[in-house]
Amino acid sequence: MLFKGLSMTSTEITFYIGVVNFLATLVGLVLLIFFGRKSLMLVFNVLMTLTLSLLSIYSFDKNSIGMIVCVLLFIAFFEFSSGPIVWLYNAEIMRDKAVAIATFLNWFISLVISVCIPFLVKKFDIGWIFLSFAIFTALGSVFIAVFMRETRGKTQAEIDELFDDSEPNDFKMEE
């Protein structure tokens, strides 16, 4: 059992996860008022990478308390950044059909991960799974640093211009 020797039950841990998720969501929404989307995403994705790396180490060491603290920190960092910002950012930079496709892909990948994790847990030590998530999150941080553009405080026209890399006549049909 993962929480062997721990005095908390899985129900209590689930309760704390729910409380942290709820409170962190509220804090995340407040952070969006004061900070840019890109800076929040970058800072907290780096922190999520570090938290997942520590979670991997604690998993290998069978340190249940360290694992629980890292899970709670990860949830908070996620809700300070990726949780709300992905949906907001997609709505700001894409049109209806693109948002629909992005939403489908988001939920589809979530489904694939949810289906695959039980099989992976049976095959590999969970520490390796957390480590692989840390690597993917680090790669996501690099993607954010290189490709994400700040949209905070911009009008829709300014955002459209920010993502318009084409010359004015590039897409005109010739008659």
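**Figure 1. The end of helix α2 and residue K62.** In this predicted model, α2 is followed by K62, a residue with a positive phi near 60°. K62 has a relative accessible area of 58% and is therefore exposed, since the cut-off for exposed is over 50%. D125 forms a salt bridge with K62, and the closest N and O atoms of this pair are 3.6 Å apart. The two residues belong to distant parts of the chain: K62 sits in the loop between α2 and α3, D125 in the loop between α5 and α6, and 63 residues separate them. D125 counts as partly exposed because its relative accessibility is 30%.

**Figure 2. Helix α2 and its buried residues.** Helix α2 has 25 residues. From its first C-alpha to its last, α2 reaches 36 Å, close to the 36 Å expected at 1.5 Å a residue. Its buried residues include R37, L40, M41, F44, N45 and M48. Further along, T49, T51, L52, L55, S56 and S59 are also buried. An α-helix has 3.6 residues a turn, so residues three or four places apart point the same way. Which helices do the buried residues of α2 pack against? They pack against α1, α3, α4 and α6.

**Figure 3. The largest nonpolar core.** This core has 14 residues. Those with the most contacts inside the core are L40, F44, F80, I85 and M148. Four helices, α1 (10-34), α2 (37-61), α3 (64-80) and α4 (82-93), each supply at least two residues of the core. Helix α2 gives the most, with 4 residues. For a closer look at one member, F44 touches L31, F77, F80 and S81, leaving aside residues up to four places away in sequence.

**Figure 4. The salt bridge between R37 and E92.** A search of the whole structure finds 3 salt bridges. One of them joins R37 and E92, whose closest N and O atoms are 2.7 Å apart. R37 lies in helix α2 and E92 in helix α4, so far as sequence goes 55 residues apart, and the pair links distant parts of the chain. Are these two residues buried or exposed? Both R37 and E92 are buried.

**Figure 5. T151 and its surroundings.** T151 is placed in the loop between α6 (126-147) and α7 (156-162). With a relative accessibility of 1%, T151 counts as buried, because the cut-off for buried is under 20%. Which residues does T151 touch, not counting residues up to four places away in sequence? They are R37, Y89, E92, I93, I159 and F163. R37 and E92, both in contact with T151, are also the partners of the salt bridge in the previous view.

**Figure 6. The salt bridge between R95 and D160.** R95 forms a salt bridge with D160, and their closest N and O atoms are 2.7 Å apart. R95 lies in the loop between α4 and α5, whereas D160 is in helix α7, so the pair ties together parts that are 65 residues apart in sequence. R95 is partly exposed, with a relative accessible area of 47%. D160 is partly exposed as well, with a relative accessible area of 30%.

**Figure 7. Helix α5 and its bend.** Helix α5 (residues 96-123) has 28 residues. Its reach from first C-alpha to last is 40 Å, close to the 40 Å expected at 1.5 Å a residue. Where does α5 bend? The bend is at I117 and amounts to about 35°. A proline, P118, follows within four residues.

**Figure 8. The whole chain, for orientation.** The protein chain has 7 helices and 0 strands. Its C-alpha atoms fill a box of roughly 75 × 35 × 25 Å, taken along the principal axes. Of its 175 residues, 27% count as buried. Among contacts with a separation of 6 or more, 75% are between residues 24 or more positions apart. The accessible surface of the chain comes to about 11,800 Å², and 71% of this surface belongs to carbon and sulfur atoms.

Note on methods: Residues numbered from 1 in each chain as written. Predicted model: local features only at pLDDT ≥ 70, side-chain atom pairs only at ≥ 80, totals over all residues. Heavy atoms only, no water. Expected span 1.5 Å × (residues − 1). Bend = angle between axes of the 7 residues up to and from the residue. Core = buried A, V, L, I, M, F, W, Y, C linked by side-chain atoms within 4.5 Å. Buried < 20%, exposed > 50% of the residue type's maximum accessible area, 1.4 Å probe, protein only. Contact = heavy atoms within 4.5 Å. Salt bridge = Lys/Arg side-chain N within 4 Å of Asp/Glu carboxyl O. Areas by Shrake-Rupley, 256 points an atom, 1.4 Å probe, with all protein chains shown as cover.
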